[in-house]
Amino acid sequence: MVTGLFNYWIVVILMMAGLYIVMSSGHLVKKIIGLNIFQTSVFIFFISMGKVSGGTAPILKDGISVFSNPLPHVLILTAIVVGVATTALGLAISVRIYEAYGTVEEDEISDMDKENRQRETSVSTVVLDKQ
Amino acid sequence: MIVATVFIIVKLDRLMTAVMMMGFFSLLSSCIFMILDAVDVAFTEAAVGAGASTIFFLAALAIVGRTSKKRKKEKTLMPLAVVICTGVVLIYATFDMPYFGTADAPIHQHVAPRYLQESGDEVGPPNMVTSVLASYRGYDTFGEAGVVFTAFIGVLLLLGAGTRKSGLERPVPPNVKVESMRQKIVLREVADLLIAPVLIFSLYVQWHGDYGPGGGFQAGVIFASVIVLYALIYGIVPAQQLFPPRKLAYFPALGLLLYAAVGIASMAMGGNFLDYGVLMPDPHDGQHYGILIIELGIGITVAAVMINIFFSLSERSL
Amino acid sequence: MIEQLPAIQLLLTLLAAPICSMLRNGDQSWRLATLVSWASVAVAGALLHQVWDGNEISYHMGGWPPPWGIEVVVDELTAIVLLLVTLFGALVMTALRESLSTIMRHQRQSLYYTSFLLCMASLIGITLTGDAFNVFVFLEISSLATYTLIARGRDRRALTAAFRYLIMGTIGATFILIAIGFMYMLTGTLNMADLAERLPEHRDSRVLHASFAFFTVGIALKIALFPLHYWLPNAYTYAPKATTAFLAATATKVSLYVMIRFVFDVYGVEFSFQQMQLGTLLVPLSLAGILIASLTAIFQSDAKRLLAWSSVAQLGYMSLGIGLLNLNGLTASITHMFNHAMMKAGLFLALATMIYRVQSSQLTSLAGIGRTMPLTTGAFTVLGIGLIGVPFTAGFISKWYLITGALDKGWLPVAVLLIASSLMAIVYIGKMIDVMYFKPAPEEFSNVREAPMSMLIPCWIFALLTLYFGLDTRITAGLAGRVAANLLGAS
Amino acid sequence: MNHTLIYASFLTPLIGGALLVLLRKNENIRDAVSIITATILFGIVLCLYPTILAGNTPSVTLAEPIQGLGLTFTVEPLGLLFATVASGLWILTTIYAIGYMRGANEPNQSRFFLCFAISIAAAIGIAFAGNLLTLFVFYEMLTLATYPLVTHKGNEDARRGGKLYLGILMCTSIGLLLFAVLWTFQLTGTLDFRAGGILQGNVSPTVALILMTLFAFGTGKAALMPFHRWLPAAMVAPTPVSALLHAVAVVKAGVFTILKVVIYIFGIDLVAETGAGNIALWVATFTLVAASIIALTKDNLKARLAYSTVGQLSYVVVGAMLANAAGIVGAAMQIATHAMGKITLFFCAGAIYVATKKTEISDMRGLGYKMPFTFGAFFIGAFSIIGLPPMAGSWAKWHLMMGSIDASQWVIVAALLLSSLLNIAYLIPVAARAFYMSPEQAVNPGRTVIEEAPLFCVVPLCLTAAGCILLFIFGDALDHLIGLIPLTRAAP
């Protein structure tokens, strides 16, 4: 059992490490790194599913009859592309955040936002009272 | 080892190193993919994870700074709890999974055999991944091209490339990184040597996808990384002169349209969307040419998108 | 031609997107985008007509039969969601030009339309597909497009909202990917109909249990079901004006559609509700969501944020209807999916129209706007009344079914809570309308003009549709009833 | 033919409303449109009489928004009675409103008349509703359409009044009435108004009691305490609106709803057997007395009349809850006769305001000689409300009294008597002061000579006063119509 499932367990640990980075890190770029790791681990999981012991890469050649399953490979090719697209967009947004706030630390940003909102609400209540 | 790498990343505050480690992680996973017979995936992961993503990260870090701050303890407890819960669910699930590598697992029984046994006759290319990717699940791949294109539009809308007139007409401020690279003669020489073969290699990957690992996507990324290499060494301005962003911005759209055009052509010929078989009198030829053209479409889209995104990101740091 | 309709439905918008991006001229792009979106409305209408009597269209992409190729399936539920996405998308698109003109340079606009079209196309793609993995692909396109659309908001907080959504959305999508992977592992297939056939034999497998758990959490993140809603208020508040209308109408609704499809069709009613007890989870959470979000809405001082919280509450109605698991409840969910999309899109659009003139969504700046922009405010009022659920409006119909559903179950307290939440809706909508009509306008806005026609007309179409669907419910509740019976009968 | 008539009765006010908005440029044409529409509507309603008197109940379905539940119009005697009252009084109210609005130079007159027309359409919808859903739909429409009327003045007072008005009516209707409607639907699977009721055999006595209480309180327009506050609050509206609220449409819609529910949803047998109406009955009895006492303390004429209305409405509720033939007849008659009497009183109050700008009763001494017609009519209206012969109100009071004796509810008999005495105490002095006390000249030195109100105001109020008497004389015709209401389940 241990040998049969060992591979999956490793993947789970990797996934969780990635997820942990995403959720615990305060630095936006590091969050994206975490996302990347999380996704890549899921990819490894998919590919592990498709492996057949003793099989080879799914390319037709004479004399070979046992192949690994090509379908997960296709799915993961697509998923990798999705991943890099997300990464690029995420980075673009964090760059813009940096330009707008001067920082990419989540805590600092939310502090600034909080101040902002307090100002807005206080202004609006004052005006409403006046009316 | 791969686990160790990840834990190092968890702890790291120096983001530069974290990114490097991430690239390393990608490279390792790509090795794992290789071991697991997923050559195409390994190829892609190496090109994208270790290549393109890392470069994007570096370009972004150049703007936002390289260190992250430690957070308070309380803020890390909640995520930890969530992560552990999720992990437990996953581990719980694994107990009912077929053992790794089992040949008679259901996954290998139902749909896959047809790909394995008949794709050679039905579609043609010996590389089954290509057949599935481009033909059986060509619609997914079309969607994938759509994802890349969407990301491109997103980055362009947010950061803008070429539209800012920054690259060409603005006087280049002294940039430490670029300057220092230029002076390193060894690097330059090596790069000069590399660029041409890699370009050719990318074309090979593009056209050879039918037979070996590779295809439009990998080719596109490799092509793009050549340009990025060029830009890193000679500076972004000459690179942009070579590939003016304004014109480059048309290419992703063109690639996507090329892909769709094949599909629409097959609709016009009386088949379903992306049914290449009807394109030619002989369905085999139809499949063959259809796949070639859509791979080209993907290649164009991906290469242009990657270069564009890199330009957009690095332009900002100028 | 007729049999190609499903592909045409998707291609219209998806192909217009790259063309739009090449046009580089805001007005031309807008013309193209608007034309194309109305064309897709027509196609959606034709599809609805085709499947009206319970027919099902199956279209094989690439000519490969499922489960080897990817199948596109259109049935009544699909058709109504398609109509929702295209019709409301087209209405918002029509109004988008004026709305954008104040926040974006001309050249950027065409890129914005491109994003918008991509978002619409991918939502159509999600709705159409009969393949589990394909759902993931299109879900990602729609997410990426949505992040972009949100991040272009005027306020810098739009960026953080978009980033937060990106993180949450990607985690959600990856969870869904894991769930799909597990399902695939058990059955070896990705086709949804095929999965539905093969999954029941694995009903005791832990892999399937985990798959269900991951799917539920993942999709709940996307739908913004309470308590996973926390990205939504900010995203809706800071997204550029008219965009919010589109997102509120479509994005969460399509995710809800995915949930219904998977929970009822793929996993199967029996598995989802008896073995996994989804209902026991959904009902209390939905109720809590409805009450807490309604209460929060009451205390907002920003009109957009108020409506965003109201959206969280209204999504609770829909998930509650699913949780009730009876004919009336499910009918209510599907009907409300359509009706709420319509009303909330209209409200946000009317609000966007006002913001177009006063440049702020704070309630204080909207004071007295009922006098300066009577037509817009009129539309807003009609839609607001619909949201409360006053008879003669679409909102009444869905609430009727929902409460009847709760009573059918014999859950009197649930019915009482629902009515209480309607009263809260009166309070928060009443608060806005009160400010708009009766508070004196701030001086700087005392002579704003009525909005331009291209925004006003879509607003009123939304308002009139709200009234129309309060009377003629054949294609909302009537169809939803049949669909619900099918979904429940499938068990 | 009948179907066309039913459609026409609902559409006429709406078309008229649209027309008057289109023709708003010219005041005279616009107002003429109002009057003509009102007359046509009344004519249409009258045309429906032969059919009903022949014992038919024509029915049309407009749309079917919910499976098995249509927006259905069914004409039956009770509804026709209400429709007649509403449409007949609409003519007079319109004429009066034209005079009043012009006399008082109110702004936004087109909006005013439009909302008026929509309100009448809603009232007709309520009258002809073929099931509870339809009734509820138009009930809400009436609330929304009258809201702009209540806040017509647009000042702070009007807004506060309007908020209270809308708040109470919406909250009770959505919170309680809708709930009761849904519950009924869930129990029986239908909401049709059927002779003998639909709940028979479907409910336990406890559920029946809860449901009836929900219905009674949910119908906020019936102004049972403690949900009566909106009625005095709505007094900020111009007087024609008050007339509309009190006599023509709104409160009548409320008590009409309760009557309909008792007769056609519960069936009086069920109510009598299970005592489902008990809570509502006692609350109504309490309201009856309490409102009259509060009315005594009010010096503002309109406020006093408002509390009077609160009390008088409870007569109808009491009659309905007694659940016997006499009670129902009394309640139905009370709808018609109170409408006639109260509208007279409000017209008078309005006329006094237009002519003298006076609103407080204590200021009205001696006005009777200056405005003989107005105060004469006031007398007649007051008598009718109190229930003294030869005024119409006496029939209603008589039947109600008989009903409570039949039911052996002696406390209620006593309450009715007490209330009548209180009615005398708060209504008669108003007119009496005007005639028998000399005006205090010193209070208003330099005031211009007070004259009778404009003709547009005086004629309608004289007509309604005459109506009060006519209804007494032709009381048996009324009795005949009400007698057609099927009180028990039709033989299968």
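Predicted model: local features only at pLDDT ≥ 70, side-chain atom pairs only at ≥ 80, totals over all residues.
**Entry on chain D.** I listed the secondary structure and found 21 helices and two strands in chain D. I then took the extent of the C-alpha trace of chain D, which spans about 75 × 55 × 40 Å along its principal axes. I checked the radius of gyration against the globule rule: a compact globule of 492 residues would have a value near 23 Å, so the 21 Å of chain D agrees with it. I also looked at contacts in chain D with a separation of 6 or more, and 80% of them are accounted for by residues 24 or more positions apart.

**Entry on chain pairs.** I noted four pairs of chains in contact, among which chains A and B share the most contacts. I found no contact joining chain A and chain D, whose closest C-alpha atoms lie 12 Å apart. Chain B and chain D are likewise joined by no contact, and their closest C-alpha atoms lie 39 Å apart.

**Entry on chains A and B.** I recorded 67 residues of chain A in contact with 82 residues of chain B. On the side of chain A that touches chain B, the elements giving two or more residues are helix 1 (2–24), helix 2 (28–50) and helix 3 (70–101) of chain A. Helix 3 of chain A gives the most to this side, with 22 residues.

Definitions and conventions
Residues numbered from 1 in each chain as written. Chains lettered and ligands numbered in written order. Contact = placed C-beta atoms within 7 Å. Helix = DSSP H or I, 4+ residues; strand = E, 2+ residues; numbered from the N terminus. Rg over C-alpha atoms; globule rule 2.2 N^0.38 Å.
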